[in-house]
Amino acid sequence: MERGMKLRRQVTEYNVSRLGLISIQTRLSAEHHAGWQAVQVNGTNRQGIICSTTDPAGVPHGMASDVFSGLLTEAAIRAEGGISSGTEIVTTAAGIAKHANLKVHARHYPVIDQALTALAATKYKVFAQWTDPMTRSSRDATFSILDYLERQEEEHLFNKAQAQRNYVIRLNQEIARSVEGSLVLAINPTILELLPSPGARAVYRMLESLRRDPEDVTRAASTLSLNIATLVETTRLLSSRQEAGHHVRLLTSPFQALVDAGYLHGYETVGRGAETKIHFRFNDDGALLNTESRRLLLEAGITGKNAESLAIGHTREEIECALWVVDDKKRRDQTIRNPAGLIVKTLKDGTARDMLNQYRQRNRPVAVKAQKVASAAAEAAPPASSSQAANGILQSLRMQSKITDTQLQTLSEMVNQGKLGLLDISGLITSPAPAVQKSIAQWLTEE
């Protein structure tokens with residue numbers, strides 16, 4: 001069983017999903033093919049987005065959200081594996097479909113090809129709303145999602161009918177920096193499999209981004225309330241009709257699909273007209289293990305299980321602050337024998353949280369960059385660290401009654417034998433219990 005070829009996680013980019021840069025609609029009206037804009041002007045200040053394209057088929061929409069997620073997932077995997085910076089990708093339509101968790105079918109190929117064209121031909125100007133992955137502050141940004149797209153036909157040696165089309169793709173640096181700066185969100189492949197349409201999958205990615213804590217995207221709310229105007233913008237409903245009731249009807253199908261998939265516990269529509277609001281209740285609190293935080297803690301000498309617990313319980317900024325505090329103490333006191341223990345204490349007793357203001361006055365982007373360089377060695381840490389982290393997640397799942405004692409023992413053995421990896425197990429963190437059981441059943445069948 002080649003686990004390295006099995007993908008148990010897909011990702012999406014926080015800004016793209018939150019800002020609604022890709023419309024959920026499968027069809028666009030002719031008036032919106034060339035682009036759209038949603039900009040508010042207050043004196044000399046502008047806030048919003050302008051989108052324009054040279055693609056006759058229109059701006060990115062529909063399955064373009066799936067295609068973008070597939071490309072981003074492959075870039076994240078390449079970056080994590082040290083293959084490259086992750087920005088340059090050579091792939092096929094089948095590869096994109098696999099990384100997007102789509103069932104590979106010939107009918108998808110022309111749609112994927114068109115989506116790639118749209119992602120390369122469309123330019124976005126974002127005013128004061130693009131979240132910087134390093135500083136977490138909002139700023140302007142101008143970019144196309146794909147900087148470069150080339151199609152290469154590779155002929156079969158013996159059968160010309162079996163020629164393969166390869167895509168040479170380069171992601172824009174704004175997107176690549178999100179991969180490097182941990183502004184990609186892990187999304188649940190089991191839920192994706194249960195969603196029947198590109199629109200429902202796009203709404204899932206949008207809700208996952210909007211319920212995130214802007215200060216730490218690994219934390220998510222269990223409830224969320226959005227007014228209809230915000231929903232229209234974030235789903236990018238491009239229509240000449242502006243009635244709230246019309247927009248609610250368009251969104252009812254994807255919302256219900258998310259309930260049926262077990263992602264939403266339910267939703268409620270209240271109010272009328274422009275005052276309409278949708279209240280969402282999620283089946284899971286959405287808290288994710290911040291892999292960057294875990295890497296920093298492992299690099300500092302904290303064991304896998306403790307590193308996982310601290311990464312879940314504290315923001316990445318608190319952890320960076322704790323490392324800074326302890327490094328400063330080590331410079332002043334050479335007799336400190338257990339810096340890892342001091343880091344744990346600094347986090348648990350609230351010192352790191354209390355020192356955040358002082359830490360923020362320093363050059364945080366440089367500090368983060370330095371930590372990321374230092375954590376490169378942690379990427380190549382012995383497999384035992386990943387196994388410990390995976391087993392720690394399994395213990396958490398058992399405490400939440402999502403798995404049984406027998407399943408815990410079986411899965412732990414599979415982790416220790418290398419049959420399951422941290423990437424497999426971490427995908428269960430945000431899954432409801434039925435989805436966890438479905439994944440386990442699949443693994444045991446393949447075993």
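Which residues of strand β9 (residues 184-187) form the covered face, and which form the uncovered one? The legends below concern a predicted model, and the first of them gives the answer.

**Figure 1. The two faces of strand β9 and its pairing with strand β1.** Leu185 and Ile187 make up the covered face of β9, whereas Val184 and Ala186 make up the uncovered face. Strand β1 (residues 10-13) is joined to β9 by 4 bridges, and the two strands run antiparallel. One of the residues on the uncovered face, Ala186, is the bridge partner of Val11.

**Figure 2. The protein as a whole.** The predicted model contains 21 helices and 14 strands. Of its 447 residues, 51% are buried. The accessible surface comes to about 20,700 Å², and carbon and sulfur atoms account for 50% of that surface. Among contacts with a separation of 6 or more, 69% are between residues 24 or more positions apart.

**Figure 3. The open sheet of strands β2, β3, β5 and β6.** The 4 strands are arranged in the order β2-β3-β5-β6, with antiparallel pairing. The edge strands, each pairing on one side only, are β2 (35-42) and β6 (138-143). From one strand to the next, the twist averages 15°. Within this sheet, β2 and strand β3 (residues 45-53) run antiparallel and are joined by 8 bridges. Gly35 has Ser52 of β3 as its bridge partner. Helix α4 (residues 108-121) lies across β3 and β5 (122-131), and runs at about 60° to β5.

**Figure 4. The open sheet of strands β12, β14 and β13.** This sheet has 3 strands in the order β12-β14-β13, and the pairing is again antiparallel. Its edge strands are β12 and β13 (264-270), each of which pairs on one side only. Direction ignored, neighbouring strands are turned by 15° against each other on average. Strands β13 and β14 pair over 6 bridges in the antiparallel sense, and Val270 stands opposite Lys277 in β14. Helix α7 lies across β12, β13 and β14, at about 105° to β12. Helix α8 lies across β12 and β14, at about 95° to β12.

**Figure 5. The buried residues of helix α8 and their cover.** In helix α8 (residues 228-235), the buried residues are Ile228, Leu231, Val232, Thr234 and Thr235. Their cover includes the helices α1 (14-19), α7 (198-210) and α9 (244-260), together with the strands β12 (223-227) and β14 (277-282). Arg236 follows α8 and has a positive phi, near 55°.

**Figure 6. The packing of helices α12 and α13.** The axes of helix α12 (residues 316-332) and helix α13 (residues 339-348) come within 9 Å and cross at roughly 130°. The two helices are therefore oblique to each other. Their crossing is right-handed. On the α12 side, the residues making the contact include Ile319, Ala322, Leu323 and Val326, and on the α13 side they include Pro339, Leu342, Ile343 and Leu347.

Figure 7. Helix α21 (residues 433-446) packs against α19 at an angle of about 55°, and the axes are 12 Å apart. The pair is therefore described as oblique, and the crossing is left-handed. Gln407, Thr410, Leu411 and Met414 of α19 make the contact with Gln437, Ile440, Trp443 and Leu444 of α21. Ser412 also belongs to helix α19 (residues 405-416). Is Ser412 buried or exposed? Ser412 counts as buried because its relative accessibility is 15%, and the cut-off for a buried residue is under 20%. Leaving aside neighbours within four places in sequence, Ser412 is in contact with Asn391 and Leu394.

Figure 8. Gln164 lies in strand β8 (residues 164-171). With a relative accessibility of 38%, Gln164 counts as partly exposed. Apart from neighbours within four places in sequence, the residues in contact with Gln164 are Thr92, Gln152, Glu153 and Glu154. Gln164 and Ala93 are 71 residues apart in sequence, and their C-alpha atoms are 9.6 Å apart in space.

Conventions. Residues numbered from 1 in each chain as written. Predicted model: local features only at pLDDT ≥ 70, side-chain atom pairs only at ≥ 80, totals over all residues. Heavy atoms only, no water. Buried < 20%, exposed > 50% of the residue type's maximum accessible area, 1.4 Å probe, protein only. Pairing = 2+ DSSP bridges. Contact = heavy atoms within 4.5 Å. Areas by Shrake-Rupley, 256 points an atom, 1.4 Å probe, with all protein chains shown as cover. Axes fitted to C-alpha atoms, helices over the stretch in contact; angles between N-to-C directions. Parallel < 35°, antiparallel > 145°, perpendicular 65-115°, else oblique. Left-handed = near helix turned anticlockwise from the far one by under 90°.
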